[in-house]
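Colleague: I should like to go through this model with you. Could we take the chains and a few individual residues in turn?

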Amino acid sequence: MATASVYKGAGFDFSNEVRNTFLTERGIPLPKATSTGTTIVGCLFKDGIILGADTRATEGPIVADKNCEKIHYITDNIRCCGAGTAADTEFTTALISSNMELHALSTGRKPRVVTAMTMLKQMLFRYQGHVGAALVLGGVDATGPQLFTIHPHGSTDKLPYVTMGSGSLAAMAVFEAQWRPNMERADALDLVCAAISAGIFNDLGSGSNVDACVITASHTEMLRNFVKPNERVQKERSYQFRRGTTAVKKEEIRSLIVDEDITHLTGRGAAEGEAMDTS
Amino acid sequence: MDSLRIVPARETKPATTQDTSNSFGLHDTLQYGPRSLAAEVTTSSKIKDRLENWEATQDNLKLQMHRQVFGLHMPMRLLMERKLASHNPHMPVLPQSQSNLHLDILMGRDETLECADFMMPVSEMRQPLDIHADMEKKLRM
């Protein structure tokens, strides 16, 4: 290259583009990225924010992970729930978490939720929705508790209670019926669990347990597997075989111990042995 | 060229044989493999064009605003500083080991991480012939 560009570049390799266009024109479709069903919610209460999520990750019709974590760490006082393609939400939140840390070190102040929201929305807009991450971002910073929702194409909303994912309608129905401003912590936690449970029981893409995260001005509490409505039932019969069920016909023992004889020549042997010749 | 675009425009760059040409001026099949200009021109990938032109478009917007507010000298000085910082008199080396902190600071990306920083595919063994070709290109211009 004559003069190297000062720009970093896209970070992605598009050399298969011509081949892919050729194949799609011939009628061979591109493989679709699997999107995970989820129910994620967030709501504002008297002292801060409560985020909730289910714990099922699906790969088409199969449950890929029965107990995955959907509430990701951004900073100490900011958390983000992710719906959509699992890899996209994980990498996006990890990237933004790193950028927030660098930004906080640079400014010397505690990070704000709007900063994370702006970074996320600018990145998602740049990728035109190809990064399939629908996020619920919540936290408490110097300006108070903030709750945002970010859609895969980069649009954001600031609301007192939000739901995203395939179970979002079930959860939103619960919120619309029972949310009121300035709830106590216990009431708000019950409401969040009820909303996630509605998603778990009424949506095939969501299931397993309920995770919750309570963020207040003083501290953040992560309640992993707060409610477990889908515990596996203990098996009624024992399927262990009793010792002696099958008879032993032949027994052969081979010793794998290697015998070693260690003779110390220095140390203990120095008194009776010869001293080193250093002439 | 006085545009204040935030997002790259939809037009695609035409494909040329200049970037893969050998010493005869034709496409170098031995080094780059077969190539079809017709297929490349008719392929329109919106996301590829958008991502590859993103930084240049945003940069252009800022320089254009600087020009309109402060005068021509402002973008001129900024571009001069960038050119000085990106000048590399050494032999062309594999791109993965080149890191220019001064240039990063001038471009404003010294305190951010992007996908390109940690997701670039690890290029395995590069052919040693590349160095000769790069030096040839560099010295002939």
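Modeller: Before we start, contact here means heavy atoms within 4.5 Å. Please also bear in mind that this is a predicted model.

Colleague: Understood. How many helices and strands are there in chain B?

Modeller: Chain B has 7 helices and 0 strands. Along the sequence the pattern reads α-α-α-α-α-α-α.

Colleague: What share of chain B counts as buried?

Modeller: The figure is 20% of the 141 residues of chain B. Among the contacts in chain B with a separation of 6 or more, 52% come from residues 24 or more positions apart.

Colleague: Let us turn to H3(B). How far apart are the end C-alpha atoms of this helix?

Modeller: They are 34 Å apart. Helix H3 of chain B covers residues 46-70, so at 1.5 Å a residue its 25 residues should span 36 Å, and the two values agree.

Colleague: Where does H3(B) bend?

Modeller: The bend is at Trp54(B) and comes to about 50 degrees. Just after the helix, Gly71(B) has a positive phi of about 115 degrees.

Colleague: Which residues of H3(B) are buried?

Modeller: They are Ile47(B), Asp49(B), Arg50(B), Leu51(B), Trp54(B), Glu55(B), Thr57(B), Asp59(B), Leu61(B), Leu63(B) and Gln64(B).

Colleague: You mentioned H4. Is Arg82(B) buried or exposed?

Modeller: Arg82(B), which is found in helix H4 of chain B, counts as buried because its relative accessible area is 9%, under the 20% limit. Leaving aside neighbours within four places in sequence, Arg82(B) is in contact with Val6(A) and Tyr7(A) from chain A, and with Asp59(B), Leu63(B), Leu103(B), Leu106(B) and Met107(B) from chain B.

Colleague: Changing topic to chain A: which residue does the UniProt annotation "active site" cover?

Modeller: That annotation, from an unreviewed entry, covers Thr38(A). Thr38(A) is in the loop between helix H1 (17-25) and strand E1 (40-44) of chain A.

Colleague: Why does Thr38(A) count as buried?

Modeller: Thr38(A) counts as buried because its relative accessibility is 0%. Not counting residues up to four places away in sequence, Thr38(A) touches residues including Asp54(A), Lys70(A), Met164(A), Ser166(A), Asp203(A) and Ser206(A).

Colleague: What about aromatic pairs, how many are there over all chains?

Modeller: The count is 4. One of them joins Tyr161(A) and Trp179(A) in a tilted arrangement, 4.9 Å centre to centre with 35 degrees between the planes. The partners are 18 residues apart: Tyr161(A) is in strand E10 (residues 161-164), and Trp179(A) is in the loop between helix H4 (168-178) and helix H5 (185-202) of chain A. Together with Phe175(A), Tyr161(A) and Trp179(A) form one aromatic cluster.

Colleague: Finally, where does UniProt place the "domain: Proteasome beta subunit C-terminal" feature?

Modeller: The unreviewed entry places that feature at residues 229-262 of chain A. This span is 0% helix and 0% strand, with its end C-alpha atoms 62 Å apart.

Methods
Residues are numbered from 1 along each chain as its sequence is written. Chains are lettered from A and ligands numbered from 1 in the order in which they are written. This is a predicted model: local features need pLDDT of at least 70, side-chain atom pairs count only at pLDDT 80 or more; totals for chains, interfaces and linings use all residues. Side-chain values use heavy atoms; hydrogens and water are left out. Rings of Phe, Tyr and Trp (its six-membered ring) pair if their centres lie within 6.5 Å; planes under 30 degrees apart count as stacked, over 60 as edge-to-face and the rest as tilted. Helices (H or I, at least four residues) and strands (E, at least two) are DSSP runs, numbered from the N terminus. The expected span of a helix is 1.5 Å times one less than its number of residues. The bend at a residue is the angle between axes fitted to the seven residues ending there and the seven starting there. Buried means under 20% relative accessible area, exposed over 50%, partly exposed in between (1.4 Å probe, protein chains only). UniProt positions are given in the numbering used here, feature names are shortened, and annotations may be inferred rather than shown by experiment.
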